[in-house]
Amino acid sequence: MTPSPRGLRDRLVVAGDIAGALASRQPVVALESTLISHGLPHPLNLEVARASEAAVRAAGAVPATIAISDGRILVGLTGSQLEALAGAPAGSVAKAARPSLAQALSRRGWAATTVSATMIVAAAAGIEVFATGGIGGVHRGAVGGASPSFDISADLNELARTPLAVVSAGAKAILDLPLTVEHLETLGVPVIVIGQDEMPGFYSQTSGVVAPASVADVAAAAGVVATHLDLGLGSGILVCVPVPAADALSLTDARGAVEEAIAEAGRAGVHGPALTPWLLARVAELTEGRSVRANTSLIVNNAGVAARLAVAIASRGRP
């Protein structure tokens, strides 16, 4: 028996300004909450969350930070809720992805939404544009070799099944970017890059990986996104934006730090769910904090670009 989608919508608590904007077809941008709970330390996480929301507002859209609290899906957090999530004790906030969404809704306390869960909630609420830092993807060693891990993020399948635009700086730098791009193509997910012919390298503006498609600016991206969504193909579209040049690492520095961190993790036997946070922390150490500055910069920049994209899409007067 197929469950009714109202089971999800009934759990949404949509903030008044967001509900009003959606009802009048004004631009809204969804923002995830795992970046707040797991991605950055306090109080930097709160500063970046506030800056991301401010960037969305400055570009003329309404921000909708999404999280779960006591079994309710909050679409838009108040200032006090944002502070509570950002300041929650370490280990007390669960991560909600598609596989763990029901579990997160069945517990007390906070749960932060990953890319996949945020996409599910945003689509249920009627939001078409979502901004994050970097998507998950195909992990190194996931395929091929003597003992492949098959570690592939749920983000990729979510992009294949949930129709909205996801604005990011590409896949996280610790992943296998060529295989991630190839897997997205296999899943039928269009990928476009704004302003350059290479995929962004997350910490670096470039990656050496040719972009599947590129557009000159946000206005051109809005045309592609609106057309894709109007076709009703059922899939999302990934819109990639490079990190601002002032805060970017060179491709050489970024690659060097990531490769060294991966080698150290292998020698230390770090694997499984502990691997990604370990690698990100080690890359931050190896780059003397420059990777953290690049990360925070691209998060806020992506939010602003997503807002401009949402405004441009709304201005097209689609049915």
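User: Leaving aside neighbours within four places in sequence, which residues is His228 in contact with?
Analyst: The model is predicted. In this model His228 is found in helix H10, which covers residues 218-231. Once its neighbours within four places in sequence are left aside, the residues in contact with His228 are Pro190, Leu233, Ser235, Gly236 and Ile237.

User: Is His228 buried or exposed?
Analyst: The relative accessibility of His228 is 9%. Buried means under 20% relative accessible area. His228 falls under that cut-off and therefore counts as buried.

User: Which backbone oxygen does the side chain of His228 reach, and at what distance?
Analyst: Gly236 is among the residues in contact with His228. The side chain of His228 reaches the backbone oxygen of Gly236, at 3.3 Å.

User: How do the axes of helix H7 and helix H8 stand to each other?
Analyst: Two packed helices are described by the angle between their axes and the distance between the axes. For H7 (residues 115-125) and H8 (residues 154-161), the axes come within 8 Å and cross at roughly 20 degrees. Angles under 35 degrees count as roughly parallel. H7 is therefore, relative to H8, roughly parallel.

User: Which residues of H8 do Val115, Ser116, Met119 and Ile120 in H7 meet?
Analyst: The two helices have a left-handed crossing. On the H7 side the residues are Val115, Ser116, Met119 and Ile120. Those they meet in H8 are Ala154, Asp155, Glu158 and Leu159.

User: Which residues of strand E6 point the other way from Trp110 and Ala112?
Analyst: Strand E6 spans residues 110-113, and Trp110, Ala111, Ala112 and Thr113 are all buried. Trp110 and Ala112 point one way. Pointing the other way are Ala111 and Thr113.

User: In which sense does E6 pair with strand E5, and in which sense does E6 run with strand E3?
Analyst: E5 (residues 94-96) is joined to E6 over three bridges in the parallel sense, and Ala96 stands opposite Thr113. E3 (residues 62-69) also has three bridges to E6, with Ser69 opposite Trp110. The sense is parallel for E5 and, for E3, antiparallel.

User: Why does Val129 count as buried?
Analyst: Val129 is found in strand E7, residues 129-131. Not counting residues up to four places away in sequence, Val129 touches several others, including Val28, Ala165, Val167 and Ile313. Val129 counts as buried because its relative accessibility is 2%.

User: How far apart in space are Val129 and Gly289, C-alpha to C-alpha?
Analyst: In sequence, Val129 and Gly289 are 160 residues apart. In space, their C-alpha to C-alpha distance is 30 Å.

Key
Residues numbered from 1 in each chain as written. Predicted model: local features only at pLDDT ≥ 70, side-chain atom pairs only at ≥ 80, totals over all residues. Heavy atoms only, no water. Buried < 20%, exposed > 50% of the residue type's maximum accessible area, 1.4 Å probe, protein only. Helix = DSSP H or I, 4+ residues; strand = E, 2+ residues; numbered from the N terminus. Pairing = 2+ DSSP bridges. Polar contact = N/O pair within 3.5 Å; in protein donor to acceptor, adjacent residues only side chain to side chain. Contact = heavy atoms within 4.5 Å. Axes fitted to C-alpha atoms, helices over the stretch in contact; angles between N-to-C directions. Parallel < 35°, antiparallel > 145°, perpendicular 65-115°, else oblique. Left-handed = near helix turned anticlockwise from the far one by under 90°.
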